Amino acid sequence: MEATGLEVGRPVQPMLASTAATVGEAVAAIGSSSVEWKLDGIRIQVHRRGTEVAVYTRNLSDITTRLPEVVAVARSLPVESVVLDGEALVVDQAGRPVMFQETAGRVGAEGERTEAVRPHFFDVLHVDGRDLIDLPLAQRLDELERVAGAHRIPGTRTDAAAAGAAVLDAALEAGHEGVVVKDLASPYLAGRRGKAWRKVKPVHT
């Protein structure tokens, strides 16, 4: 596969997930997987070079000025340059996620707001001059843990359906909407919705 160049400060199209009916179905199809909580927040891509930080949406709109909390977290990380993929989420005083509309309203508003937005990262595409986009997810997750471990989305690595189902149960118990099952061998396929990432969201009636 041809390597993909990446420039810090210039956003790339995000990798997207297809759907699966159950965690067991997704893990059986993929094999060795990272099963991660799926948060119902705003997709963000965070770029930092030195003290300069930019935050982009899924549609690559620049929302840096609206997310000072995310900028502060990015500046606190032990790196000179980094590109992170994740979610921005508003939580209540108990630490549980608010409705998506509240998060969207907070992110979409200019000026002072009382609700804090917290970043939660699930991938890293660049660190200190090294593009990671073509590396296997397993290696990117190792680097993500080193760089932003305190701000990672929870999950586990497994090839067992039962272990993946336990992650789904924990995500739902915490108030989130499901999980994403990801192929640990997959590169970051910018702008593509393939079978390497599969989201599982139980339907509530």
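User: Which residues does Leu141 touch, leaving out those up to four places away in sequence?

Analyst: A contact here means heavy atoms within 4.5 Å. In this predicted model, Leu141 touches Ser34, Glu36, Phe122, Arg152, Arg157 and Leu184, with residues up to four places away in sequence not counted. Leu141 itself is found in helix α4, residues 137-148.

User: Is Leu141 buried or exposed?

Analyst: A residue counts as buried when its relative accessible area is under 20%. Leu141 has a relative accessible area of 0%, so Leu141 is buried. As for distance, the C-alpha atoms of Leu141 and Asp123 are separated by 6.5 Å, and these two residues are 18 apart along the chain.

User: Where is Val8, and what is it in contact with?

Analyst: Val8 lies in the segment before β1 (16-19). Its relative accessible area is 8%, so Val8 is buried as well. Beyond its neighbours within four places in sequence, Val8 is in contact with His47, Arg48, Arg49, Val82, Val83 and His126. Val8 and Val53 are 45 residues apart in sequence, while their C-alpha atoms are 9.7 Å apart in space.

User: What share of the contacts with a separation of 6 or more comes from residues 24 or more positions apart?

Analyst: In this protein, such residues account for 75% of the contacts with a separation of 6 or more.

User: How do I read a helix, taking α5 as the case?

Analyst: Start with length. At 1.5 Å a residue, the 13 residues of α5 (residues 161-173) should span 18 Å, and the end C-alpha atoms are 18 Å apart, which agrees. Then look at the sides. An α-helix has 3.6 residues a turn, so residues three or four places apart point the same way.

User: Which residues of α5 are buried?

Analyst: They are Gly164, Val167, Leu168 and Ala171. Seen down the axis of α5, the buried residues fall within an arc of 100°, so they line one face of the helix. On the other side of α5, the exposed residues are Ala162, Asp169 and Glu173.

User: What do the buried residues of α5 pack against, and what follows the helix?

Analyst: The buried residues of α5 pack against α1 (23-30), β2 (33-38), β8 (155-158), β9 (178-183) and β10 (193-200). After α5 comes Gly175, with a positive phi near 95°.

User: How many helices and strands are there in the protein, and what percentage of its residues is buried?

Analyst: There are 5 helices and 10 strands. Of the 205 residues, 49% are buried. The protein exposes about 9900 Å², and carbon and sulfur atoms supply 50% of that area.

Key:
Residues are numbered from 1 along each chain as its sequence is written. This is a predicted model: local features need pLDDT of at least 70, side-chain atom pairs count only at pLDDT 80 or more; totals for chains, interfaces and linings use all residues. Side-chain values use heavy atoms; hydrogens and water are left out. Helices (H or I, at least four residues) and strands (E, at least two) are DSSP runs, numbered from the N terminus. The expected span of a helix is 1.5 Å times one less than its number of residues. Buried means under 20% relative accessible area, exposed over 50%, partly exposed in between (1.4 Å probe, protein chains only). The arc is that of the directions from the helix axis to the C-beta atoms. Accessible areas come from the Shrake-Rupley method with a 1.4 Å probe; for residues, only the protein chains shown count as cover.
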